[in-house]
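Biologist: I would like to learn how to read a few features of a model like this one. Please start with the backbone.

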Amino acid sequence: MNDIFVTRPSVPCFEEYCDEIKELWDSMWLTNNGAKHRLFEKQLKEYLNTPNVTLFTNGHLALENILEAMNFPKGAEIITTPFTFASTTHAIVRCRLTPVFCDIKPDDYTIDESKIEALITDKTCAILPVHVYGNVCSVEAIQELAYRHSLKVIYDAAHSFGVTYKGVSTANFGDAAMFSFHATKVFNTIEGGAVCYSDEALSQTLKDIKNFGIHGPEHTLYSGGNAKMNELQAAMGICNLRYIDEEIAKREAVDYRYRELLSDIGGIKLNPVQRDVKPNCAYFPVVFDGYKFTRDEVHDMLKAENIFTRKYFYPLTNEFECYKDSSFADAGKTPIAKHISDRILCLPMYADLALEDVERICRIILNRG
Ligand code: T4K
């Protein structure tokens, strides 16, 4: 039996990608806002139906750069969730801002909007929720809170490419939304990311910050880094965007089969089907709570069969060793996130996962030989 990983990248056929990158060998323009970069940015605006898109070499730097572009005062507080990938919290900390952790909801694992207000202080500058697994946060309630307290909202939308809520892409909620185009995502540019935002004025700032802060040959306005997407990444994006609907449809078939086999089983909780949301089936998270096997036992049973699931997101970011001496790291203050994090397991999910493999995975979980 072949190894089965939690995910596998989707790639275009080899010849199609070679065709797409061929002209780079003529132009010898490989990075720094080249033709592929410009075309891909334009295509993304159309696909996401969003006015402003800036590309980055990965999602993490996209998030760091938008936080930097917002120019919050040093030490300002950002209300966020610990139930996420390391990147979300690290981006805040690396920008010399302070994360303030809010608990999540037990049903969809996104930030609990009813608990945000109590965390707002005179240092709070923004809310940074995560559309975790592609589950859409309570965007209306969060926006209402943000307006009332004059806070910015920056979504970590790394998981939610292709997701819409009431027909609107997650690119369009809050002041900004960051997508990851990492190889492991529904849509990839090998490594890559983007920020979508409402204020057009941010466009030039982001362009400068991701290019060493250089505004022109003789003007450097920020101590920026280098976070530019190159032409080979953009070419991969152009190719993969042609198949995004097909990609999500194939994932839906996998999701459907898992749900047929794992629904209505005591102690097994599946990811919710959210109202008004068109999902992208980015992940297949399962909570084992009171099931005959614990999460760790299921993980190990599958591993023994060379099926490599992942405990996304365990541990919580407020339990990381690197934050153990920080005032903000206390998982006791986010008990629901802690409960879920100790019990959740992401099963293999990708477009080309065979339905027979889904069936085998479920047989192992259900211990039906
Ligand atoms: N915010 C959130 C909420 C995120 O989840 C992420 C990234 C970010 C921000 C930051 O975005 P980026 O800067 O990454 O664009 C993976 C990904 O590396 C990471 O992008 C992703 N989230 C996270 C949830 O998952 P790991 O440490 O689990 O990756 P790794 O290398 O163990 O890969 C997982 C599995 O995928 C492997 O077991 C096999 C398969 N795989 C992986 C790669 C890289 C492949 O089949 N082919 C590949 O090329 O973090």
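Modeller: Pro315 lies in the loop between E16 and H10; helices (H or I, at least four residues) and strands (E, at least two) are DSSP runs, numbered from the N terminus. This is a predicted model, where local features need pLDDT of at least 70 and side-chain atom pairs count only at pLDDT 80 or more, while totals for chains, interfaces and linings use all residues. Residues are numbered from 1 along each chain as its sequence is written, and side-chain values use heavy atoms, with hydrogens and water left out.

Biologist: Which residue does a cis peptide bond join to Pro315?

Modeller: Tyr314, with omega at about -5°. Another cis peptide bond joins Tyr312 and Phe313, with omega about 5°. Phe313 is found in the loop between strand E16 (307–308) and helix H10 (335–341).

Biologist: What is phi of Asn71 near?

Modeller: Phi of Asn71 is near 60°, a positive value in a residue other than glycine. Asn71 sits in the loop between H3 and strand E3 (77–80).

Biologist: Which residues are closest to the ligand?

Modeller: A residue is near a molecule if one of its heavy atoms lies within 4 Å of it. Here 25 residues surround the ligand, and the closest are Asp156, His159, Ser180, Arg310 and Tyr312. The shell divides into nine nonpolar, twelve polar and four charged residues; Ala, Val, Leu, Ile, Met, Phe, Trp, Tyr, Cys and Pro count as nonpolar, Asp, Glu, Lys and Arg as charged, and the others, Gly among them, as polar. Helix H3 (59–70), helix H4 (86–94) and strand E9 (176–180) each supply at least two residues of that shell.

Biologist: Which polar side-chain atom lies 2.8 Å from a nitrogen atom of the ligand?

Modeller: A polar contact is a pair of N or O atoms within 3.5 Å. The atom in question belongs to Lys185. An oxygen atom of the ligand is 2.7 Å from an N or O atom in the side chain of Ser180.

Biologist: How many salt bridges are there?

Modeller: Side chains of opposite charge can pair when their charged atoms come close. A salt bridge is a side-chain nitrogen of Lys or Arg within 4 Å of a carboxyl oxygen of Asp or Glu, and the count by this rule is 23. One of them pairs Asp255 with Arg259, the closest N and O atoms being 2.7 Å apart. Both residues lie in helix H8 (residues 244–262), four residues apart, about one turn of the helix.

Key: A polar contact is a pair of N or O atoms within 3.5 Å; within protein, one must be able to donate a hydrogen and the other to accept it, and residues adjacent in sequence count only if both atoms are side-chain atoms.
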